[in-house]
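Biologist: I would like to learn how to read a protein structure, one feature at a time. Could you walk me through this one?

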Amino acid sequence: MTALQLPLETERVVIRRFTPDDAPDLLSYAGDPAVMAWIPQGTMTVNEMPNYTAVNTSDEAADFMVVHKRARRVIGHISFHPWFAENTWEIGWVFHPAYQRQGLATEAARAVMDHAFGVMHIHRLIATCQPQNPASWRVMEKLGLRREGHFLRCIYRGDDGWWDEYFYALLAEEWEKRGKR
Ligand SMILES: CC(C)(COP(=O)(O)OP(=O)(O)OC[C@H]1O[C@@H](n2cnc3c(N)ncnc32)[C@H](O)[C@@H]1OP(=O)(O)O)[C@@H](O)C(=O)NCCC(=O)NCCS
């Protein structure tokens, strides 16, 4: 299976591998508990950076940095990694609050999605989020993914109780018909 071939470029952003120099930009938003409220791994800390750097500068990388061309800084990242089923990949996103609500997550995710179907020839793209996170499921819907399920109380969060989960997906044949822009 072909891996993501980087960099990918859109009108406003470049998506590329993480480098150790990106740590301050990354922590400026991923270190913010408000931004990471619906991320199962929680807030990122400086202590996690050595392991994060080792993974995300290797062929096992799962997070890809989104660089704003004009601002010349990392403003978010797209997660993209194989899921359990054959030729099926999962996508996710986290963006700095100062760059949210400008269509940037959708723009970056669409570039990864189009590359995944158009170049890697994946069979299916999936994405999950919590119902209380409309910004995330709006991105899924703007990309053309379909809501396939609403799992009730399926993720245990300790003191936070159980989270529900929305499950979205898009098949290659659907992308051919209506996902491609
Ligand atoms: C989810 C996230 C990446 C979206 O980034 P973004 O760049 O703002 O996304 P876009 O601008 O492309 O689209 C966001 C959409 O959600 C909508 N939206 C944002 N906040 C919303 C809210 N509180 N209620 C309803 N809709 C909301 C926006 O209006 C937009 O939809 P529209 O284009 O139809 O108006 C960003 O909010 C984020 O980083 N959140 C914190 C991390 C996170 O929760 N990641 C997802 C985990 S599953």
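**Reading the model together**

Modeller: Let us start with the ligand: the shell around the ligand has 12 nonpolar, seven polar and two charged residues. Here Ala, Val, Leu, Ile, Met, Phe, Trp, Tyr, Cys and Pro count as nonpolar, Asp, Glu, Lys and Arg as charged, and the others, Gly among them, as polar. Please keep in mind that this is a predicted model, where local features need pLDDT of at least 70, side-chain atom pairs count only at pLDDT 80 or more, and totals for chains, interfaces and linings use all residues. Residues are numbered from 1 along each chain as its sequence is written.

Biologist: Which residues are the closest to the ligand?

Modeller: A residue is near a molecule if its C-beta atom, placed from the backbone, lies within 6 Å of it. In this model 21 residues surround the ligand, and the closest are Gln 100, Ala 105, Thr 106, Ala 135 and Arg 138. Strand S5 (88-95), helix H3 (104-118) and helix H4 (134-143) are the elements that give two or more residues to this shell. H4 gives the most, with five residues.

Biologist: How many helices and strands does the protein chain have?

Modeller: Helices (H or I, at least four residues) and strands (E, at least two) are DSSP runs, numbered from the N terminus. The protein chain has five helices and eight strands. The radius of gyration, taken over C-alpha atoms, is 16 Å, close to the 16 Å that the globule rule gives for 181 residues, so the chain is as compact as a globular protein of that length. That rule is 2.2 Å times the number of residues to the power 0.38.

Biologist: In what order do the strands form the sheet?

Modeller: Two strands pair if DSSP finds at least two bridges between them. Here eight strands form an open sheet in the order S1-S2-S3-S4-S5-S6-S8-S7, with mixed pairing. Strand S1 (8-9) and strand S7 (146-156) are the edge strands, each pairing on one side only.

Biologist: What should I look for between two paired strands?

Modeller: Look at their directions and at the residues facing each other. Strand S2 (residues 13-16) and strand S3 (residues 63-68) run antiparallel, joined by four bridges, and Arg 16 stands opposite Met 65 in S3. Six bridges join strand S6 (residues 124-129) to strand S8 (residues 162-171), also antiparallel; there Arg 124 stands opposite Leu 171. S7 and S8 pair in the antiparallel sense over seven bridges, and they form a hairpin with five residues between them. In that turn, Gly 158 has a positive phi of about 60°. As a general idea, in a regular strand the side chains alternate between the two faces of the sheet.

Biologist: Is Tyr 29 buried or exposed?

Modeller: A residue is buried if 20 or more other C-beta atoms, placed from the backbone, lie within 10 Å of its own, exposed if 12 or fewer, and partly exposed in between. Tyr 29, which lies in helix H1, has 22 C-beta neighbours inside 10 Å, so Tyr 29 counts as buried. Over the whole protein chain, buried residues make up 29% of the 181 residues.

Biologist: And which residues is Tyr 29 in contact with?

Modeller: Two residues are in contact if their C-beta atoms lie within 7 Å. Leaving aside neighbours within four places in sequence, Tyr 29 is in contact with Val 35, Gly 76, Val 94, Phe 95, His 96 and Pro 97.
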